[in-house]
Amino acid sequence: MARLSIYLLGGFHVTLDGEAVTAFESSKVRALLAYLALEADAVKSDRPHSRDALAALLWPDQSDQAARRNLSQALFNLRQVIHDDEAAPPFLEITRATVQFNRDSDHWLDVAQFATYIEAGEWANLQSAVELYRGEFLAGFFVDDNVPFAEWGTLLRERYHQQVLDALYRLTEYHEQRRDYERARHYARRQVELEPWQEEAHRQLIRLLARSGQRSAALRQYETCRRTLADELGVEPHEETTALYERIRAAGAARPHNLPDPPTPFVGRRDLLQQIAHYLEHPACRLLTLLGPGGIGKTRLALQAAREALDAFLNGVWYIPLSSVNAVEFLVPTVADGLGLRFSGSRAPSEQLADYLREKELLLVLDSLEHLLEGADWLVDVLHRAPGVKILVTSRERLNLRAEYILDVPGLAYPAGEQAGSIADYEAVQLFLQHAVQVRADFGLSPENQPHVARVCQLLEGIPLGVELAASWVRTLPCEQIIQEMQHAPDFLATSLRDVPARHKSLRAVFQHSWKLLAEVEQKAVSWLSVFHAPFRDEAAQAVTGVEPATLLALSNKSLLSRRPSGRYDFHALLKQYAAEELAAFPGEESAMRESHCRYYVDFLQQRESDLRGGRQMEAQAEIGTEIEDVRVAWEYALASHELDAIARSLEGLYLFYRARGRFQEGRDCFGDAAAAVPVADEAGRFLQARLQARQADFHSWLGDYDAARALLQQSLTVFEPFQFQRECAFALEVLGRMAYYTGAYAQAQQHLQASVVLYRQVEDPWGAAQALNYWGNVVCSVETGYGEAMPLYEESLALSQQIGDQAGIARALSNLGAVEHCLEHYPAARQLYHEALTISREIGDRQLLAIALGNLGNVAYRCGEYDQALELMQESLDIKRGLGNRPSMMYTMNYLGNTNRKAGHYHEARRWYDQALRLAHDLGATAFMSCVLASIAALLAAMGDAPRAAELIQVALDHADGDQDVIAAADQLRPVLEAEIGPQAVATCSGRGRGRPLEQVVAGILAGGWYDGNRIGYSNYRL
C-alpha cells in the first residue's frame, strides 16, 4: 500500500512512497487536492463536499454545467496521479453528488500534523511545529482568476502564520528563561525573518544578544528594528524597545557585579539552585525570599545562585550584606553604597535610589534582612518603579509582602538511619569532609568512622554551620566523642536565639563545645571581637582588643571566624551573638572593649579628616565607607557616654564623609540627634552643640530646607561670634551665602561669601576658602556682564585647591573657568579647561564631575559646528548620568542631544531625544524645563518646514517659561525665521492659537505624535 504525503507549508509538494508526484495537469487539480485533504485532516470535517460547491470554488466564472465538467476531469486526473485505484482504502471517496478525502487512508498532511503540535502546546510539540513550518501556507501557489480559493488560502495562511509566530515567541521565552541563549536567538531570528516588523521579536533578539555578551550586535539589531518600522509602517519603536536599547548602551560590555569570591567550593544544593533559577527566570517573580534559621546556609546559597544568574541581568548582580546595619534608616544608604550610587540634591534618598534603579536590569541580593523588616516597604516601591530589577532576599523571617515568593531552605541532605553502604554522596557528609580536611589533612571516610560521621550529620539535621563547626573538632577528637559532646551539652532551651527551633538544639551544643575546646586566651579573643559590628581588619582587631593576627588565624582554622578574600575577618551572626553573650557576662571587660572600640574609630575618622580635603579624598571616602557601620556604633557609644572629646574629634571627618557621599538625610539626622544629646551646661558643651548644629544646617541646605538651615546657623553664630571662633563663623557664612545664591538673593549671597573668604584666609584654611570663592564666582557670573570679575575668584579657588591637592576642587574650578570662557565665546580656551577637568575627573573616579566635563565639551563642539564629536561626548555624558540615576541632569543632556541632531539635519533622531527629554521632565514635574524642550521642538518643526506649528508651539513655551532666559532667547531667534517663512501676520495668528493652551494638553499631544503628523490633540487643523 502506497503512502501519500502532502506538504502545503512552504509551497505545494506531494510524494507517493517518497517519490515526487508531478503529473498534475493543472494548478486547479493541485488546489483540489489541497482543499480536500486540508478540510478533512486539519479542519477534521467529516462532512463530504458537494460537487456543486467544489465546482463553484474552483471555477467561479464558468457556468454550472461547465464547472461540473471541469471538476470531473480534475478528479479523473487527480485519481490517476495519486494512484487512487491502487490504494486500500482509497484516498478519495467519490459519489455522483459528493467528494471527500478519506481520513482513514494511508496518508500524511503537514498542516494537520502542524495543527496537532500547536494544539498540544508542550515545548517539545511547539519545537516540532516550528521545524515543520517550512514557509507560508501554499507559498508561491496561485490559481489564476480565482477569488474564492484565494480568499480561502489567505485566511489559512494568516492563521498558520500567526500560530507559528506565537509558537516561536513562546519558545524564545522558554529558552531565554533557561539561559539557553543560543537556541532562544535561533527562534527569535526566525520570528524576525517571518515578520520583519514584529517589534516584540526584535526586542527579544536585542535582549538575547545583549545577554549573550554581543552588545554591539544588540545595538545594531535595534537600528535594524528602527529602520524596518520606519520603512514598513512609518512608526517609531515602542518606548519599551527604546528603553531596552538605552539600558544596553549604558550597561557596557561586561556584566558588573560585586560578588565576593567563595572561600571554599560550594557543596550540593543543586535542586535548590534550580528552583531559585526558575523563580528568577519567571517574569511574575520579582521578589524571592530564601527563608530559614540562622546557620542554614542561606547566604552561600544566595551567592551561588546570584553567580550562576550573572549573565541573565544586563546591569549585573549586586550583593548587599545587611547583618551589620543596625537601624532601618541606614538600609537605603547601605544599598546605595553597594551599588556605587552617591546621593545629590534635596530629594529623599529612597526616591533617588529607586530612580537610579528605574532603568536598570539587575539582580539585587539583600542578605540578612530579618532585623530590618520595618524598611521592607521600600522594596515595594523599587519593584513598582524599576520593572527590570529583581530582588533576592535572605531572611529568618518572611517579609509579608504581597509580591514576595518564598523558598524554604532546609539543611543539607544527610544519611537517615543506619547506613550499610557509603555515605559520601550526601551533601552534609561532603561538607563535613571538606572542613575536616582543612584542619586534618589525612582525614577521610573509613568503615570505622563512617557511622559516626553520619550520626553527627543526623544530630545537626544537615545545618551547614553546625556541620562546619563539628568538622573542625576532628583535629582533637575522634568522631564518636564528638557525638557524645553534642548529645550531653546542657542548657540549649535557655538560648536567646528566638528564631532557632527546638529541633536544632544540637547547634547550641556545637557552639558550647566549640567554646570549651578553645584555650582561655582564645575564648577571651572571641568574646572581645564581638564588639565589631562589621567585618574587621586584623590591625583593627589588634588595636581594639589586643588580639594578635596568629590568634585570628587559629580561630579561622577552627571555623569560629571566616576570613574573606579581602583579608577581613567576620563572624556568623549566631556565633557573634553567642560570643556577645559571653562578653556580657563580664561587664567590666565589655565596657573596656566598647571604650577601646570607640577610641579606635574616633582616631580613624580624625586621621582621615585632612585626606578628605586633599589628594587622598577618594581613598579616604572608600576607607570610611568600608568601616561605616563600626563608625556609627562608635559615634553612638560616644554620645551615650557623653564622651564630648570623642564627638569633637570625629565630627568633621564624619561630616565630610556624609557630604562627599551625598548622604544628606543621614547626616542631618545624625548631627541633629547628636546636637540634641550633647549636654550644654558649660562653654565646651555649647560650642560643640553649635558645631554640630552648623553641620546639621549644611545638610538641611543641601536638602532644600533653607528655613531650618538658617535658624540653626543663626543659633550657631550667636555662639561662635562672641568668642571669635573664626573658622566656624566662616563655615556658617559660607552655607548662608550658598543658600542665598541658590534662592537668587545675589547681593546677600555676595556679602556672606565675601565675609566667609576673609575669615577662611585669616585662619589659613585653604579648603574652606576655595569652596567659598567658587560660590562667590558663581554669584558674580549670575550678575549681568560679571564674567570678567568672576575669573580671578575661580582662579584663586583653583590655586588653593592645587595647594592642598584637592582634585575634586581643582576639577570644579577648571570647569567653572571653562564655563566663563565658553560664555565669552572663547571656545579654544574653554575646551582646554574642560579637557583638564575631564582628565582629573577620570583619575579620581568622580563620575558626577566626569559627566559634567563631557557635557561641557559636547556643548563646545556643538557651538563650533562639530556635531559628530558633540553627539559622541554628550552620549557618553548621558550614559554616566544614567548610571548615577541623575534624572534631572539626564533630561538636560537629552535636550542637548536633540538640538545637536537638529543642527546636523538628523530630524528623526532629534525628535527621539526631545520626546525622551520631555517625557522625563513631565515625570519629574519640571514645568520650566518642559518649556525649554517645547522651544527646542518648535525649532525642529521650523527646520522640518512646519512654520505654523512652530509658531504656535513657541508661544506655548513662552507662556509657561516663567521668565526663563533660554526660552526667551530661543523665541527671539526663531521668530524672524518664521516671519520670513510665512509672514508676520501668519506668525501672529499661529501664536494666538498657542496662547493660553494648557501645558499638560500640549505635552500629551507631542508625546502621542500629534504635533508631528498634523493630528494634534484637542482641536482641529486650521488654514492660513
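Modeller: Pro89 is found in the loop between helix H3 (64-81) and strand S5 (92-94), where helices (DSSP runs of H or I, at least four residues) and strands (runs of E, at least two) are numbered from the N terminus. The peptide bond that joins Ala88 and Pro89 is cis, with omega at about 0°. The model is a predicted one, in which local features need pLDDT of at least 70 and side-chain atom pairs count only at pLDDT 80 or more, whereas totals for chains, interfaces and linings use all residues. Residues are numbered from 1 along each chain as its sequence is written, and side-chain values use heavy atoms, with hydrogens and water left out.

Two other loops hold a backbone feature, in each case a positive phi in a residue other than glycine. Arg269, in the loop between helix H10 (239-251) and helix H11, has a phi near 65°, and Arg269 counts as buried because its relative accessibility is 5% (buried means under 20% relative accessible area, exposed over 50%, and partly exposed in between, with a 1.4 Å probe and protein chains only). Glu764 has a phi near 55° and lies in the loop between helix H32 (746-762) and helix H33 (766-782), but Glu764 is exposed, with a relative accessible area of 67%.

Next comes the wider setting. The chain has 46 helices and 14 strands, its C-alpha trace spans about 120 × 105 × 40 Å along the principal axes, and of its 1024 residues 55% count as buried. Among contacts (heavy atoms within 4.5 Å) between residues at least 6 apart in sequence, 67% join residues at least 24 apart.

Four strands form an open sheet of mixed pairing in the order S3-S2-S1-S7, two strands being taken as paired if DSSP finds at least two bridges between them. Strand S3 (19-20) and strand S7 (107-109) stand at the edges, each with a single partner strand, so one side of each has no neighbour in the sheet. Strand S2 (residues 13-16) and S3 run antiparallel and are joined by 2 bridges; Leu16 has Glu19 in S3 as its bridge partner. Helix H4 (residues 110-120) packs on this sheet, touching strand S1 (4-7) and S7, and its direction makes about 65° with that of S7; axes here are lines fitted to C-alpha atoms, for helices over the stretch in contact, and angles run from 0 to 180 degrees between N-to-C directions.

Another open sheet has 5 strands in parallel pairing, in the order S9-S10-S11-S8-S12. Its edge strands, S9 (317-321) and S12 (404-408), each pair on one side only, and neighbouring strands are turned by 20° against each other on average, with direction ignored. S9 and strand S10 (residues 362-367) run parallel and are joined by 5 bridges, with Leu363 in S10 as the bridge partner of Val317. Helix H11 (residues 270-281) packs on the sheet and touches strand S8 (287-291), S10, strand S11 (389-395) and S12, its direction making about 175° with that of S12. Helix H12 (residues 298-308) also packs on the sheet, touching S8, S9, S10 and S11, and its direction makes about 160° with that of S11.

Two further residues complete the local picture. His597 lies in helix H25 (residues 587-607) and is buried, with a relative accessible area of 3%; leaving aside neighbours within four places in sequence, His597 is in contact with Val531, Phe532, Val544, Asp630, Val633 and Ala634. Gly546 sits in the loop between helix H22 (538-545) and helix H23 (549-557), and Gly546 counts as partly exposed because its relative accessibility is 41%.
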